[in-house]
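The entries follow the order in which I looked things up.

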Amino acid sequence: MSSSSTTPPPDPTEHPEQSRTPAFERWRMSLSNFTGLGLSEEEKERRTLEKDWDKCEKYKKDLMTNSPMITFLLSHLKHSGCEFDSSSIQCHPCPETRSGGFSPDHGILLCQNRFFSKKHMEDTLSHELIHAFDHCRFKVDWGNLRHHACSEIRAANLSGDCRWTREVKRGFYSFNKQHQACVKRRAILSVLANPSCKSPEMAEKAVNEVWESCFKDTRPFDEVY
């Protein structure tokens, strides 16, 4: 009498992916998406980029529709012949040294990984829209340090970038002419980054030379916002 051999059942520990049910896979992906567990470094980076971009786009659309500051600036740009639609304001990841930027050729950059609140984005977008307004209305030569300094003074002064609460977060607690000191400091730092600027002294000189007239210039606002 011959004996028949039986095949043992597969060991699920040898090929665990073969034993996963669709329900388990949905649970595993949900866990990974919420906690990051089980994701490769590349997947984690991709998920972070997606979340940052989604949040940035959501904030941007809300501000372009509902923020009095942003809608006011967009309206004045449109009336000046330089309309900015949503595609002209783009969200991208940036290094830690910046939160936004304006380029005459490419529009406005919002640094999707650098905002700690929607209000922070509103201040940054306001700042860049003032640069866009200056470029449209006054034909700014960005290689001219005096031109650049004037727009930086106006943007820092009018955007909310130098309100007291923002300065406290940066570690500046002065009560005596704090706003003016912030505007001047931030304008100098921005001009210093201009390729045409060769030294901190050049940046400070450019800002000081245009300070009085540009700090007083609140267009398109009637006064400091």
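The entries below cover the basis of the model, then a helix pair, then the disulfides.

**Entry 1, basis.** I worked on a predicted model, in which local features need pLDDT of at least 70, side-chain atom pairs count only at pLDDT 80 or more, and totals for chains, interfaces and linings use all residues. Residues are numbered from 1 along each chain as its sequence is written, and side-chain values use heavy atoms, with hydrogens and water left out.

I took helices (H or I, at least four residues) and strands (E, at least two) as DSSP runs, numbered from the N terminus. I looked up H3 (residues 68–79) against H4 (residues 118–138) and found an angle of about 15 degrees, with the axes 10 Å apart. That makes H3 roughly parallel to H4, a term for angles under 35 degrees. Axes are lines fitted to C-alpha atoms, for helices over the stretch in contact, and angles run from 0 to 180 degrees between N-to-C directions.

The crossing of H3 with H4 is left-handed, meaning that the near helix is turned anticlockwise from the far one by less than a right angle. For contact (heavy atoms within 4.5 Å), H3 supplies Met69, Ile70, Leu73, Leu74, His76 and Leu77, while H4 supplies Glu122, Leu125, Ser126, Leu129, Ile130, Ala132, Phe133 and Cys136. I noted the division of these residues as 11 nonpolar, 2 polar and 1 charged. Nonpolar covers Ala, Val, Leu, Ile, Met, Phe, Trp, Tyr, Cys and Pro; charged covers Asp, Glu, Lys and Arg; the others, Gly among them, are polar.

I searched the whole structure and found 5 disulfides, each a pair of cysteine sulfur atoms within 2.5 Å. With bonded cysteines counted along the chain, the pattern is 1-3, 2-6, 4-5, 7-10, 8-9.

The sulfur atoms of Cys56 and Cys91 lie 2.1 Å apart. The S-S torsion of this pair is about -80 degrees, so the disulfide is left-handed. Cys56 is in H2 (residues 41–66) and Cys91 in strand S1 (residues 89–92), so the link ties together parts 35 residues apart in sequence. Cys56 is buried at 2% relative accessible area, where buried means under 20%, exposed over 50% and partly exposed in between (1.4 Å probe, protein chains only).

I found Cys82 joined to Cys136, S to S 2.0 Å. Cys82 is partly exposed at 23%, whereas Cys136 is buried at 7%.

Conventions
Parallel < 35°, antiparallel > 145°, perpendicular 65-115°, else oblique.
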